[in-house]
Amino acid sequence: MLGGALLPALLAGCSGGGGGTASPGAVPGQAGPVAAAAWPDAVPRSGLAKGMVLPLEAYMEAYPERVAIDRALNRLTEQCMARYGFTLVLPPPGTTPPPDNDDSNMERRYGITDRAAAGRFAYTIGDEGEPGQRMPALSDAETAVLTGRVAVKPDAATAPSTYQGKAVPDGGCAAEARDRVGVSLTDTSLEGRLDADSLDRS
């Protein structure tokens with residue numbers, strides 16, 4: 001399984017900066033009612049991709065499942081950080097949903113397929129300038145305990161293996177959470193590889 005959203009992206013080197021944000025009515029670890037209503041449909045309801053579903057989608061994680069996984073990752077990461085005296089509140093998953101329900105990305109697989117989106121974004125992919133969630137600003141110590149590195153960069157040096165005399169998990173609290181949930185930063189699943197290969201061939 002692949003852990004879906006902000007924290008994995010951050011740890012892969014996409015730093016957000018700034019303070020954590022959430023939609024109105026949302027609480028840490030849960031999406032608010034407005035966000036849930038805006039989640040992508042399992043099957044496109046409009047545009048050129050209306051009603052289209054690839055056979056592989058039956059084996060992929062749907063967006064609600066990714067949100068559930070990300071909630072678990074957030075909760076375990078926050079609990080781990082608390083063991084070291086840090087109060088980390090991660091942005092709640094599900095408040096900034098993508099246009100697609102799963103990795104097949106049917107609504108955007110071959111470009112914008114919806115007339116309203118095309119009218120708004122023309123020939124661009126349609127996500128430029130869209131607001132996203134931000135990670136809370138982290139101190140050097142928080143970064144080390146969270147990621148196991150001295151900075152949030154893929155090539156950053158490894159941080160000390162202890163913090164105030166307590167051993168830090170290899171890869172930090174984020175890696176501990178991923179191990180406990182059973183997810184990885186990269187999608188190595190068979191369905192993921194077949195999906196990518198079918199897109200290349202088409």
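**From a loop position to the helix packing**

A: L54 is partly exposed, with a relative accessible area of 25%; buried means under 20% relative accessible area, exposed over 50%, and partly exposed in between, with a 1.4 Å probe and protein chains only. The model is predicted, so local features need pLDDT of at least 70 and side-chain atom pairs count only at pLDDT 80 or more, while totals for chains, interfaces and linings use all residues. Residues are numbered from 1 along each chain as its sequence is written, and side-chain values use heavy atoms, with hydrogens and water left out.

L54 belongs to the loop between α2 (33-37) and α3, where helices (H or I, at least four residues) and strands (E, at least two) are DSSP runs numbered from the N terminus. Leaving aside neighbours within four places in sequence, L54 is in contact (heavy atoms within 4.5 Å) with S104, M106, R109 and D195. V43 is eleven residues away from L54 along the chain, and the C-alpha atoms of the two are separated by 9.9 Å.

T113 sits in another loop, between α3 and α4 (115-121). This residue counts as buried, at 16% relative accessibility. Apart from residues up to four places away in sequence, T113 touches G47, L48, A49 and E107.

Helix α3 itself contains R66, which is buried with a relative accessible area of 11%. Beyond its neighbours within four places in sequence, R66 is in contact with E61, P98, D100, N101, D102 and D103.

The packing of α3 against α6 comes next. Their axes are 8 Å apart, at an angle of about 135°; axes are lines fitted to C-alpha atoms, for helices over the stretch in contact, and angles run from 0 to 180 degrees between N-to-C directions. The two helices α3 and α6 are therefore oblique to each other, since angles under 35 degrees count as roughly parallel, over 145 as roughly antiparallel, 65 to 115 as roughly perpendicular and the rest as oblique. The crossing of α3 and α6 is right-handed, the near helix being turned clockwise from the far one by less than a right angle. On the α3 side, I69, A72, L73, L76, T77, C80, M81 and R83 meet C173, A174, E176, A177, R178, R180 and V181 of α6.

Helix α6 is largely enclosed by the rest of the structure, because seven of its ten residues are buried: G172, C173, A174, A175, E176, A177 and R178. Just after α6, G182 adopts a positive phi of about 90°.

The largest nonpolar core comprises twelve residues, among them C80, M81, C173 and A174; such a core is a set of buried Ala, Val, Leu, Ile, Met, Phe, Trp, Tyr and Cys residues joined through side-chain atoms within 4.5 Å. Two or more residues of this core come from each of α3 (63-83), α5 (140-147) and α6 (172-181). A second, separate core of five residues includes I69, L76, A177 and V183.

For context, the protein chain has seven helices and two strands, in the order α-α-α-α-α-β-β-α-α. Of its 202 residues, 38% count as buried.
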